[in-house]
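Subject: The structure we talked about

Hi there,

Here is the structure I promised to pass on. Please have a look at it first, and then read on for what turned up.

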Amino acid sequence: MKRRSVAVLSAGIIGSSLVLAGCGSTSTPSTGSSQAIKSPVGNVAIIALAPQVSPNWWFPIEANTNYSDYNSAMSNMMYEPLIHISRTDGVNYNRSLASDVTWNSNGTVYTITLNKKWHWSNGQPVTSADVVWTMKLMEYLASGKAPWEYGGTGIGGLPTRWQSVKADGPYKVIVTLNQPSNQQWFLHNGLGQVVPVPKSVWDIHKNLANEAKFLQSVANSPQDSYYSVVDGPFKYSPQQSKPNDQYWTFVPNPNYDGHKASVSKVVYEYESSSSSEFAALKTGKVNVGYLPASLWNSKQELVNDKFSTSYLFGFAYMVPNFSPKAPGHFAQLIAPAYVRQALEMGIDQQGMINSFYHGHGVVEFSPIPSKPKTVFYDSAITNPAPFNPSAGKKLLEKHGWHMVNGVMTSPQGYPFKFTLDYTSGSNTMADEAQLMKQDWAKEGIDVTLESQPFNTLINDNDQANVTNWQMVWYGLWTYQPDFYPTGGGLFKTGAGSNSGDYSNNTMNALINKTYEPGTSSEITAAMDAYLKYAAEQLPVIWVPWVSSFNETAVYVHGVNKWFNPITDSNSPNRWTITH
């Protein structure tokens, strides 16, 4: 769900308990008055992570192999963003480090004014030096010269459009781009992904190459003193955490300059399975969690919880490996768009929605979902590859494919066989994979299913390991930090989160067009053209976009109200608990 990110479709829901109710959500208490029930665990919020998922990268600039919503949720507790994206995909300067951003008429120069109220927890002010150092570090990690790559490479013109980042006094930053750009696109996707860290704490090597190696060595060590200086609402508590796949604890930052937390601590808890999470909800061990879709008929057992549903801003997908080094001639097999359309025709999205998600979902066929409705959705785009295995088989045969020993074989003689690696821990996801395997078999496509933990998938199934995998199903993409959803971080050649190595010159040109300034109609037309092409080309294989099934204890208040479906983020510092 990354932000940025890739997120797991876990426990039959999108994401994890991190995906809570937001815009368009519905909420149903499972018991009487929420005010009548008090917390049995005191003033503590205990949040269930998705099954078999644990945070493993805490620095807010995440590597592409660790680029997930779960890691972002941890750093977001501790660090404030330069630009706070609102629940309507606007900018809320009241909650941003920046008090204002202005630009010139052609979108090449941006002036950021920092709000002087913000301080690090050690009392030092958040200044332009922190912002400039963080942005220069991001540039280096996106340059291709670093020992690891930032997962947001390609988003917001990073690094190819970023010409210079300079301080103009302690509270002003000037960012210059090397070509005219759509101002709202750069505000949302360029500046929107900047989460400054304290330069005085982290800039210890005075050399970006050495700094990058150091950051990688401590990225999964939140107990280190480097993480103790924050400007966010919470601080990580090493003394109250057991990071070996058990739980991670945060306590309020007493020097926070925003809305101070009233809860005494926030605990993120590891879950071995969706059934164990359900049991934790039932016993009150967890008070903010999710209802596994496979246990839909048991939700009445959670008598002290409020049930709610919501949709995030993103899409669910599987990633084909387009690298020529992919095993089994897979890249040659799926290179033609019609082959990917045939694959899509073998996915019964509506059947999955009806059977596994109890009607809470929509059929997906482009990068912009119809739920939640946003200004980016284009209702004129129609599904070019609706479910129809018979038509999918005929489409392959039309292009010279034929059956050999029950397996569809390409004109070059390659059998249509591949392995689908998918996230483990969810009974519903396993059932969906089995259904796809059965329907693909009707087209003569022979699929082997293998499940792995989410952290293993995002570390091993990328372009650093191209010879090891063919198609992977992590779960979904949520538009963070590409809040202006142009696809640049996903589908452009060489983009940081283009883990399948998709490359198409027309797609590159259409995405580049969305970056250009223009009139409102010109900007909308550019986005619609990109979306239409993506729907036709299938740079990824779409699966249903479904709502989350959320459970919150009746004594925990404000969870739904303060959840942001655009950024996929909670605000536990605004929650209250009846105790």
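Which residue lies over the face of Trp296? That is Lys299, at 4.0 Å from the ring centre. Please keep in mind throughout that this is a predicted model. There is another case of this kind for you to look at: Arg574 lies over the face of Trp562, and here the distance to the ring centre is 4.4 Å.

Searching the whole structure gives 34 aromatic pairs. One of them is Tyr110 with Phe186, a tilted pair with 4.6 Å between the centres and 45 degrees between the planes. Tyr110 belongs to strand S5 (residues 109-114) and Phe186 to helix H3 (residues 183-190), so this pair ties together parts that are 76 residues apart in sequence. Tyr110 and Phe186 are both buried.

Tyr236 and Phe250 make another pair: their planes are at 75 degrees and their centres 5.8 Å apart, so the arrangement is edge-to-face. Tyr236 sits in strand S8 (residues 234-236) and Phe250 in strand S9 (residues 247-252), so the parts tied together here are 14 residues apart in sequence. Again, both Tyr236 and Phe250 are buried.

Helix H11 (residues 427-441) has 15 residues, which at 1.5 Å a residue should span 21 Å; the C-alpha atoms at its ends are 21 Å apart, so the two agree. Its buried residues are Thr428, Met429, Glu432, Ala433, Met436, Asp439 and Trp440. Viewed down the axis of H11, these buried residues fall within an arc of 140 degrees, so they line one face of the helix. The general rule behind such a pattern is that an α-helix has 3.6 residues a turn, so residues three or four places apart point the same way.

Two single residues are worth a visit. Asp231 is placed in the loop between helix H5 (208-218) and S8. Is Asp231 buried or exposed? Its relative accessible area is 0%, so it is buried. Asp231 and Met78 are 153 residues apart in sequence, yet their C-alpha atoms are 6.4 Å apart in space. Leaving aside neighbours within four places in sequence, Asp231 is in contact with Met78, Tyr79, Glu80, Leu97, Trp118, His119, Trp120, Val126, Asn253 and Tyr256.

The other is Gln537, which lies in helix H15 (residues 520-537). Gln537 counts as buried because its relative accessibility is 16%. With neighbours within four places in sequence left out, Gln537 is in contact with Ala337, Arg340, Tyr502 and Asn504.

Last, some backbone details to check by eye:

- Lys371 and Pro372 are joined by a cis peptide bond, with omega about -5 degrees; Pro372 lies in the loop between strand S14 (361-362) and helix H10 (389-398).
- Gln480 and Pro481 are also joined by a cis peptide bond, with omega about 10 degrees; Pro481 is in the loop between strand S19 (471-478) and helix H13 (488-491).
- Lys206 is not a glycine, although its phi is positive at about 55 degrees. Lys206 is found in the loop between helix H4 (199-202) and H5, and it counts as exposed at 63% relative accessibility.
- Asp501 is not a glycine either, and its phi is positive at about 60 degrees. Asp501 is found in the loop between H13 and helix H14 (505-514), and it counts as partly exposed at 32% relative accessibility.

Key
Residues numbered from 1 in each chain as written. Predicted model: local features only at pLDDT ≥ 70, side-chain atom pairs only at ≥ 80, totals over all residues. Heavy atoms only, no water. Phe/Tyr/Trp six-rings, centres within 6.5 Å; stacked < 30°, edge-to-face > 60°. Helix = DSSP H or I, 4+ residues; strand = E, 2+ residues; numbered from the N terminus. Buried < 20%, exposed > 50% of the residue type's maximum accessible area, 1.4 Å probe, protein only. Lys NZ or Arg CZ within 6 Å of the ring centre and 35° of its normal. Contact = heavy atoms within 4.5 Å. Expected span 1.5 Å × (residues − 1). Arc of directions from axis to C-beta.
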